[in-house]
Protein chains: 2
Amino acid sequence: MEIIKNYIENNKDRFLDELFDLIRIPSISAKPENQLDMARATEYIKESLLNAGADHAEVISTSGHPVVYGERIVDPAKPTVLVYGHYDVQPADPLELWDSPPFEPEVRDGKIYARGADDDKGQMFMQVKAFELMVKTGTLPCNVKFMIEGEEEIGSPSLKQFCVDHKEKLSADVILISDTTMIAQDIASITVGLRGLSYMEVEVTGPNRDLHSGLYGGAVMNPANALAKMIASLTDENNHITIKGFYDDVQEVNEAERNEMAKAPFNLEEYKESIGVNEVVGEKGFSTRERTGIRPSLDVNGIWSGYTEEGAKTVLPSKAWAKISMRLVPNQKSKKIDRLFEEHFKSIAPEGITVNVKSLHGGEGYVSPIDSVAYKAASLACEESFGKKPIPVRSGGSIPIVSDFEEVLGIKSILLGFGLDSDAIHSPNENYPLFNFYKGIETIPLFFNNFAELKK
Amino acid sequence: MEIIKNYIENNKDRFLDELFDLIRIPSISAKPENQLDMARATEYIKESLLNAGADHAEVISTSGHPVVYGERIVDPAKPTVLVYGHYDVQPADPLELWDSPPFEPEVRDGKIYARGADDDKGQMFMQVKAFELMVKTGTLPCNVKFMIEGEEEIGSPSLKQFCVDHKEKLSADVILISDTTMIAQDIASITVGLRGLSYMEVEVTGPNRDLHSGLYGGAVMNPANALAKMIASLTDENNHITIKGFYDDVQEVNEAERNEMAKAPFNLEEYKESIGVNEVVGEKGFSTRERTGIRPSLDVNGIWSGYTEEGAKTVLPSKAWAKISMRLVPNQKSKKIDRLFEEHFKSIAPEGITVNVKSLHGGEGYVSPIDSVAYKAASLACEESFGKKPIPVRSGGSIPIVSDFEEVLGIKSILLGFGLDSDAIHSPNENYPLFNFYKGIETIPLFFNNFAELKK
């Protein structure tokens, strides 16, 4: 522990400088105009891995954005930890809501402000620096592999095939991922559940061109009004999703487990205050934590139609669009939900309207066992660095690839994340506290040590 | 008639060139960046009026965009026709749907394609050229005044005060307006009714920042979902508007008048085909023509929230917006409807949501008598140029200033328009057939002649 703390203390400014250089590369996977930045980010990470002590590192192409692979094999007989992370980030808009430029990281009040500061550049880079620490201090207790992808924010469309193609190379005893949150800075937690995702885009068409809303208004179905009606009908007065068959495969969580979950610290008033709402709203019969942890949800992520600039344009639009995503719980299958959504959405189109539905991305939920060697190693590591036992939590987020890893590679993942709910990931002013960044670099070598010990 | 036809034949290319020069000025009243273009358009029209034969023309400032005024007083004892039109146009977006640039007019298949080709540069310029024709051929039978404004497309916020300030200068026996449509190229019509307008913008706020839709989805009211529910509830299953008190002042049209209206030629199949819909949809119990002619309506003119670009962003947006307008029938007052809308919309906000409502513009409906001298003069003029009697129709559109003219100036308007429903005004590929442009220039002097005769 002394060794770890000293190494961090002596290198903390350099760690930050290096992270900042990575953050300055706007590697937005969703945007075609950032292709070159994606390539720059892969090179930067490859070099970082080599500098940290990898025997070997390479950028491996896929049918989409490439994966950075690196490894240090100390002894084939020893256990192997495969670190997963991603170098791509979400788009930064709406830009005008950022207090500082999203790709020019800045430390304010002890937090790094930038797109990717947490998700996932900040958290992934902790893994790289923890690896460096173990190599340079001669404390690396087992083999390490890195698989850092560039498509997490768009649903990892190429990574499953990448795993199929490189199964041998990726063989390991556990996958270690830092891409989740803890409950609070003084309450470590380990994520043991993730939700799946079905992300759809719908296009609703009325007349074949934009019409004058005076000459035609009242006589023609307006696709924006129709889309509003269709979206409105997707949830009922109890905030239950009305898509036929949607809940069929939902794994109900029993009373005992719900009671156990309810023991995790949670302050509803602080929660409401942190996001500025007077009231929380969700599925009837479930608590706020349950609504994100064990229940599916449906959200409009984007909607647009007609005239959206300044002033008044009296147009009856030809088309209206929405991006609608559903978070799924374990046992719901995203492909099936895609199909149910499409069938249902088409079935509720009013007269005078045609509908197109496409799936933009999706993935399955995940539940992780808490009696595994990896969980124990992570739990012990947190106890050593935070001074108390971490709490297992089910997160509302999705890392669809985690269930693919299990299916293709046959390896379980351990979700040891150091983010906070207040980090505003995917939002303007994304941030990551320096405390969490350095605490992660401190905790990760402890995990490696415990894992190697327990595996003996 | 011979004189008119000859003058048009000898000057038709020049008429078109001059109109094209006017169209090339992108005088979009709604957009601050087109301020300079607004000024250029006023100068162009002032010069056109002077060249056509006005004794006097000037650009008169208002609290908004200026008005171009011009006059030719042949004899104070003779009647006076006040021509009203507007030089401002609607925004041209979505630009990508235009087959040719909106401000580079082009003739294809006998039609002028450009923003403003019909509404109202094309129609207003017919008035200027008809005036020139009468002056140059020595056939102008009465006094003429012009009032060409620049705020029609944003609801004429300054024109009522302009009328108050210049009441004396604007004194006339009738106001002549070409800013409406005819039924078809071979079926002239005179617009005897217009709808009023209430145009609102709503802002719906949920959490205080964009959230991650995984971490929060299901536990927080999403303002885009909420807005969809709120809009959906504004109309019921009979396409009746649900705003409390909305229909209180609606002037019901009696059975006899409805039967009379039903005699106007109308082909529903052609109508549906022209706008590419399988079914027309509107208020139960009324025909398509009635739905736009004598019934109010409610349309979403624009809606926007969250992520609207390519790809998938898993955001739970902080805010959602919509532009929602209502067309009103005579006797409904737009200010009252603004208030009813705001009260109702705020009352239906779900928990966890705050709502802002503002009025962007509005105006009253209008009904014109068909036994007036002006109507008779216009009817006769159409009969002479089209070879058959025109049909009086109630249009679904709004020219809110028409009821203001009556209130402030005490002058009735005659709506002698030459557009077609297929001209796609306010839409991409707005167009105006050359036939209609020249037919208008031919018919207007006949109106002047009949009006002066009948007034004797």
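Entry 1. I began with strand β9 (residues 196-205) of chain B, where eight of the ten residues are buried, so the strand is largely enclosed by the rest of the structure. I call a residue buried if 20 or more other C-beta atoms, placed from the backbone, lie within 10 Å of its own. Helices (H or I, at least four residues) and strands (E, at least two) are DSSP runs, numbered from the N terminus.

The model is predicted: local features need pLDDT of at least 70 and side-chain atom pairs count only at pLDDT 80 or more, while totals for chains, interfaces and linings use all residues. Residues are numbered from 1 along each chain as its sequence is written, and chains are lettered from A and ligands numbered from 1 in the order in which they are written.

Entry 2. I looked up the partners of β9(B). With strand β13 (residues 319-328) of chain B it pairs in the antiparallel sense over ten bridges; strands pair if DSSP finds at least two bridges between them. B:Gly196 stands opposite B:Leu328 in β13(B). Strand β14 (residues 354-363) of chain B is also antiparallel to β9(B), joined by nine bridges, and here B:Tyr199 faces B:His361 across the pairing.

Entry 3. I then compared the chains. A rotation of 180 degrees with 0.0 Å of shift along its axis superposes chain A on chain B, RMSD 0.1 Å (least squares on the C-alpha atoms of residues with pLDDT of at least 70 in both). The two copies are thus related as by a two-fold rotation axis. The same surface serves both, as 99% of the contact residues of chain A recur in chain B.

Entry 4. I counted 81 residues from chain A and 80 residues from chain B in the contact (C-beta atoms, placed from the backbone, within 7 Å). On the side of chain A that touches chain B, β11(A) gives the most, with nine residues. Five bridges join β11(A) to strand β11 (residues 297-306) of chain B, and the two run antiparallel. A:Ile303 stands opposite B:Ser305 there.

Entry 5. Last, I checked helix α1 (residues 2-23) of chain A against helix α13 (residues 434-455) of chain A: they pack at about 145 degrees, with axes 10 Å apart. Axes are lines fitted to C-alpha atoms over the stretch in contact, and angles run from 0 to 180 degrees between N-to-C directions. Among the contact residues are A:Ile4 and A:Ile8 of α1(A) and A:Tyr438 and A:Ile441 of α13(A).

Technical notes:
Contact = placed C-beta atoms within 7 Å. Buried ≥ 20, exposed ≤ 12 C-beta atoms within 10 Å, placed from the backbone.
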